[in-house]
Amino acid sequence: MRSGVVIFPGSNCDRDMIVALRKISGKTPIKIWHKEYDIPNLDLIVIPGGFTFGDYLRCGALAARSPVITSIKNHISRGGTVLGVCNGFQILIEAEILPGSLIRNKKLLFTCRETTLEVQSCIESPFLSGLKIGECLKIPVAHNEGNYFAPEDLLKQLKEEGRIALKYIKQKDNEKNYNPNGSTEDIAGILSKNGKVLGMMPHPERAINYLHGGTDGLKFLTKCVEQIIG
Amino acid sequence: MKPQSELLKINKNEYLAQQKSKLEDALEMGLTKDEYKLICEKIDKIPNLTELGIFSAMFSEHCSYKSSKKWLKTLPTEASHVIQGPGENAGVIDIGENLAAVFKIESHNHPSFIEPFQGSATGVGGILRDVFTMGARPIALMNALRFGSPDQPLTQHLVSGVVKGIGGYGNCIGIPTVGGETNFDKSYDGNILVNAMAVGLAKKDRIFYSAATGAGNPVIYVGAKTGRDGIHGATMASAEFTKNSTEKRPTVQVGDPFTGKLLLEACLELMNTDAVLSIQDMGAAGLTSSSVEMASKGSLGMNLNLDLVPTREDKMTSYEIMLSESQERMLMILKPGSEEKAKSIFDKWDLDFANIGEVTNTGRLILTKHGFEACNLPLEPLVKDAPEYNKPFEIKAIKKVLKPSDLKTNLTIIDILKIIFKNPNIATKKWIWEQYDSSVMGDTIFANGDSDASLVKIHGTEKKESFGKGLAITTDCTPRYVKSDPIIGGMQAVCEAARNIASSGAKPLAITNNLNFGNPDKKNVMGEIVGSIKGISEAASYLSTPIVSGNVSLYNETNGKSILPTPVIGMVGAIDEVENSLKISAEPDNVLIALGQSENFKAGWVGCSIYQEIINKKYDGAPPPINLENEKKVIEIILKLNEQKLLTAAHDISDGGLLTTVCEMLFKYNLGLDINLPSNLINCDSYDPLLQSWCFGEDQARIIIATKHIKKVQLILKENNIDFFVLGETNSSSNLNLNDITTISIQDINNLNEKTIPSMMGDQQQG
């Protein structure tokens, strides 16, 4: 598999994602600098987490105007696959590749902790086809603006088109804070219309070691890679 | 030379900065009359205002350590694994496989009280720069925080701001904040403590130092532009607070973690080439301390053209440029001819890069502005003639030993346990920790109380059969012990840190310390400084954990009231295989054993304990004594047992005593335990002072271990003459039973534990 990880000034999960993808595919992803217009044909492009340009404007707003975004849009229009994690998800939204918005966490606090995700019934997507509907994954989040918001009509559309990919889910009946950011309908990740672009707040690349964070992130990424290679 | 009248036309303020100073100027800058006299003598002229500003910064307590230097020199700093001790940007130790751990702790107390968010954020930024200046990639952040009493309204505001500031910088720059300690005491009402520690990783043969080399070599300024923020921050941090301290807000620097991240990546990229000869970050006293220290360490001089310094504002004067504490800046000496290559790296990261002068062999610091000489000073007096005071001191220690029977109460053991876990000093700090990104970089094994020490894997040491090496890190201090007996308190901080490192399965290696005290002009405060340094020295020598870096913060007083003496110990240890590390949580069917406590241990040490505070509403006894031999024994035995893979978990006994420690080990899996009691306590009731002292006494040199291999462990303990007491086997009942005396619901106690800090912070939704 040929993959690439995009690096903006302020990206800080690029190394973690490269480590995870190398562990799974045996190949080191290429690094794509944000000023690049020409990027080679890749099976997967990942926009990793971080604080691009300090997130001093809206999160991801400046990165979404970088030259590389044009190349990513071209890659998508050719039917290419893109994963945006955390700040990467925020960038995909600011670039209007994915709809809706990510606003401040409900409690207005940064939150770093494990969450449990449930795989939703959705359209055909290389990110989810290898997993069962209703399957649970323990993957951590670490963000300040992960509260996914979509107005009624958009939400309806996302549901009809089967684009809600992942939701935060309770472990126990009385669990109050299973949703770490107050997102609409517990949404943790959404897909593009063709299912080839996934934006998600949780960090699968941080759950690849049984000593810390568990290995559900490894499972998630492995299934993606398997589906993409075909 | 052009006439000064021309300068007056160009920049009036610069003209003023170049005028001769008066004694009043010196006093205003925090210098004494004697110091001003000394300066005039040593430089053989009356300094102008810029020159005087440079002296006042270099002579400040913050830069010169004038009150503590005499005593700091007595700290043990050497061992075969020490590569660089105190005196550089950070300490460096050898951790094998051609790798070095680079670390330091630093305070940002005064700025954090005035402006909690920016003060603590720049504290984190500053300590990170200290570490990557040496060529190390930072891999973990820790902190030690002290706030005023929890019921004081200001405390909530300060906690909230400091936590946001620490998270704001660390989360953005992408270095995990893996743990630390947070405590509350009314003595910090007007002076909070924010100590930040950073640990980095470097190749042993690629460490960078600050001493300038080679006359004629270019002096390069990189990073953010210089603004008017933080002017005289080092002087502010060296004075007592008064009611008007909040008026000093403009002297607090503003942090920019994004630029910090760019500077980190650009510096490490440049250090991968052979261009950098020496490098120093611009921390306290900015361009002044960096240029003076680099030149003087190399026994050379420096000429700088201040017109070439990138500035944020127009018409900044030489005085302002030299004393600004704008963040995210570095000064480097480059190999001649490598400027182009270096500049291209900084261009890529959109950072300023300016060739502002050259190294000379004159032994002088010469600065020009608008073509006029703004400063011409010999370097030696700035560094070597900084005063060193031998201030009078008196080490006061409480000798009165309290007996359990001195503490009579109508509280039961459950009552006391509930009060303990309602105390924000003991309760879990989860509410705080969740605001820190503890898992970025993907190498965190244990963070935030999962283990007695935080543990990060060392990237790149993975082997076929192992995840590789790890570094264990802890910060510790028990200020109430130091207050009662500075020497014992100093020793205890070191011993507890070493016990914490060992309880995570790692070998204790070296220390960075942050000595936070009140006004050293007071005999008893100076006694606390001297006493705790003595205690730290004794314990650190005995445990072979030398001090390799550190920081001193004095004048932590408001309106004459001093903080509790708080000499924080940051300790680093190493483990060869991280999968062999130890957490605090026991698993079902584990036997819990108290190491360092014999069958004959019948009464606990109650003086100065959390238990005493609950019963007496104060601490007034002698703190628990320290027996270094026992401390070493318990550390060595736990490492030995762990090497043989006989342990599941370990947790050292500290604040709140044995029963508190046991509860903390049972919380995660909601387990129960029937505790064996020594024969003399079997018939006690729940009010019995002797039994209560056994439960809550704070005798030192004890660690509770959890094992599935009781027979083997007992055998090894006996062979090695280790005192131990088998507490019992964990079960799934979630009840902690003390014979028939009392039954404690672990679930109930943990519910209290989890609610304490959120409810203190007004967050009712937690849990």
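Mentor: Two strands pair if DSSP finds at least two bridges between them, a strand being a DSSP run (E) of at least two residues, numbered from the N terminus. The model here is predicted, so local features need pLDDT of at least 70 and side-chain atom pairs 80 or more, while totals for chains, interfaces and linings use all residues, and side-chain values use heavy atoms, without hydrogens and water. Residues are numbered from 1 along each chain as written, with chains lettered from A in the order written.

Trainee: What makes E17 and E21 of chain B a pair?

Mentor: Nine bridges join E17(B) (507-516) to E21(B) (566-575); at least two are needed, so they pair. The two strands run antiparallel, and Leu515(B) stands opposite Pro567(B) in E21(B).

Trainee: Why are E14 and E18 of chain B called edge strands?

Mentor: The open sheet runs E14-E15-E16-E21-E17-E18, with mixed pairing. E14 and E18 (547-553) each pair on one side only.

Trainee: How do you know that Asp437(B) and Arg206(A) form a salt bridge?

Mentor: Their closest N and O atoms are 2.8 Å apart. The rule asks for a side-chain nitrogen of Lys or Arg within 4 Å of a carboxyl oxygen of Asp or Glu, so this pair qualifies. Across the interface of chain B and chain A the rule finds five salt bridges.

Trainee: Which residues of chain B lose the most area to chain A?

Mentor: The area buried between the chains (accessible area, 1.4 Å probe, lost on being put together, summed over both) is about 2,800 Å². In chain B, Phe258(B), Glu434(B) and Phe467(B) lose the most, together 19% of what that side buries.

Note on methods
Buried area = accessible area lost by both parts, 1.4 Å probe. Helix = DSSP H or I, 4+ residues; strand = E, 2+ residues; numbered from the N terminus.
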